[in-house]
Amino acid sequence: MASFWTAENAPVKHLEDIKVSIDTQDLPSAIKTIKDYLEKQDLEELTIGVTGESGSGKSSFVNAFRGLGDEEEGSAKIDVVECTTKPEVYLHPKYNNVKVWDLPGIGTPNFKAHEYLKLVNIQRYDVFIIIASDRFRECHAQLAKEIIGMGKKFYFVRSKIDLSIAAEKRKRKANFDEKNTLRIIREDCENGLRKIDVKDPVVFLISSWEFKKYDFNLLEEKIEKDLPQHKRDVLLSALPNITLEINEKKKKALEKNIAMVAFLSACVAAVPV
């Protein structure tokens with residue numbers, strides 16, 4: 001029977017690929033092909049590792065990404081001291097195939113990036129979020145280099161931007177300029193990373209308390225671009241409905257899935273829409 005799964009077990013990208021695969025099959029085989037495709041789409045997993053120094057806002061980011069407040073049931077623990085001593089997985093409240101891992105803090109005196117990645121089992125993550133609440137330090141750069149060496153994607157996130165903005169507003173008062181303040185923070189973070197030998201750094205400014213503001217849309221777009229096609233819809237379905245851009249993307253993804261099911265059903269009338 002013709003197969004629509006590649007050697008890497010990744011689904012095809014286009015409806016036409018499925019159509020070609022079932023053209024030569026008998027009816028029972030074609031039905032099975034379609035059902036297998038839809039079932040495996042539902043089982044596709046997205047795994048995100050969130051790391052950074054103790055107190056940088058890792059757990060708050062994990063909660064905000066899952067659409068939860070810090071005090072809600074099922075949220076990651078928040079405290080003034082490091083709560084996470086081993087990798088903790090948190091499932092999305094609506095999509096169990098989306099797993100966000102709250103990883104132990106980095107930056108201790110004996111920190112070794114390669115040992116840390118072995119401890120947290122680097123192979124299970126699709127992408128990493130590396131968070132700092134102030135300047136990025138050598139431990140962040142070490143970790144980024146090790147992640148690159150393992151062929152994985154990562155993103156630098158400067159957290160607690162709302163607090164930085166509020167502090168600057170109190171200091172500058174009438175002369176406060178939010179856009180200029182954000183530019184200065186971004187440049188400071190990126191220049192700091194260059195000084196510790198990180199080439200062409202990109203830093204996303206985030207507030208876990210105000211996810212719809214600042215750079216969350218840009219971060220989402222970058223992760224989406226870097227993911228394989230079959231994981232992008234998983235990401236979109238799990239994102240909190242916080243901006244018009246995200247809502248529009250989710251709408252288009254849903255319309256695409258409806259079109260796919262309708263198309264497959266038209267190809268094999270025995271499969272209900």
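**Notes on the predicted model**

1. The buried ones are H230, K231, D233, V234, L235, L236 and A238. Here, buried means under 20% relative accessible area, exposed over 50%, and partly exposed in between (1.4 Å probe, protein chains only). Helices (H or I, at least four residues) and strands (E, at least two) are DSSP runs, numbered from the N terminus.

2. A word on the basis. This is a predicted model, where local features need pLDDT of at least 70 and side-chain atom pairs count only at pLDDT 80 or more, while totals for chains, interfaces and linings use all residues. Residues are numbered from 1 along each chain as its sequence is written, and side-chain values use heavy atoms, with hydrogens and water left out.

3. Overall picture: the protein chain has 10 helices and six strands, and 47% of its 273 residues count as buried. Take the contacts (heavy atoms within 4.5 Å) with a separation of 6 or more: 64% of them in the protein chain are between residues 24 or more positions apart.

4. Now the helix 4 and helix 5 packing. The axes of helix 4 (residues 113–120) and helix 5 (residues 138–149) come within 9 Å and cross at roughly 60 degrees. Axes are lines fitted to C-alpha atoms, for helices over the stretch in contact, with angles from 0 to 180 degrees between N-to-C directions. On the helix 4 side, A113, H114, Y116 and L117 make the contact; helix 5 brings Q142, L143, E146 and I147. Those residues split into five nonpolar, two polar and one charged. For the classes, Ala, Val, Leu, Ile, Met, Phe, Trp, Tyr, Cys and Pro count as nonpolar, Asp, Glu, Lys and Arg as charged, and the others, Gly among them, as polar.

5. Have a look at P87, in the loop between helix 3 (58–65) and strand 2 (88–91). P87 is buried, with a relative accessible area of 16%. Leaving out residues up to four places away in sequence, P87 touches W101, D102, L103, P104, L119, V120, R124 and Y125. G49 is 38 residues from P87 in sequence, and 8.9 Å away in space, C-alpha to C-alpha.

6. Two of those P87 neighbours, W101 and R124, also meet each other: R124 lies over the face of W101, at 3.8 Å from the ring centre. The test is NZ of Lys or CZ of Arg within 6 Å of the ring centre and within 35 degrees of the ring normal.

7. On the aromatics, there are eight pairs in the structure. The rings of F154 and F156 have centres 5.1 Å apart and planes at 75 degrees, so this pair is edge-to-face. Both F154 and F156 are buried. Elsewhere, F61, F65, F211 and F216 are linked by ring pairs into a cluster. Rings of Phe, Tyr and Trp (its six-membered ring) pair if their centres lie within 6.5 Å; planes under 30 degrees apart are stacked, over 60 edge-to-face, and the rest tilted.

8. Lastly, backbone angles. Most residues other than glycine have a negative phi. N121, not a glycine, has a positive phi of about 65 degrees; N121 sits in the loop between helix 4 and strand 4 (127–132) and is partly exposed at 36% relative accessible area. D200 is likewise not a glycine and has a positive phi of about 50 degrees. D200 lies in the loop between helix 7 (178–195) and strand 6 (203–205) and is exposed, at 71%.
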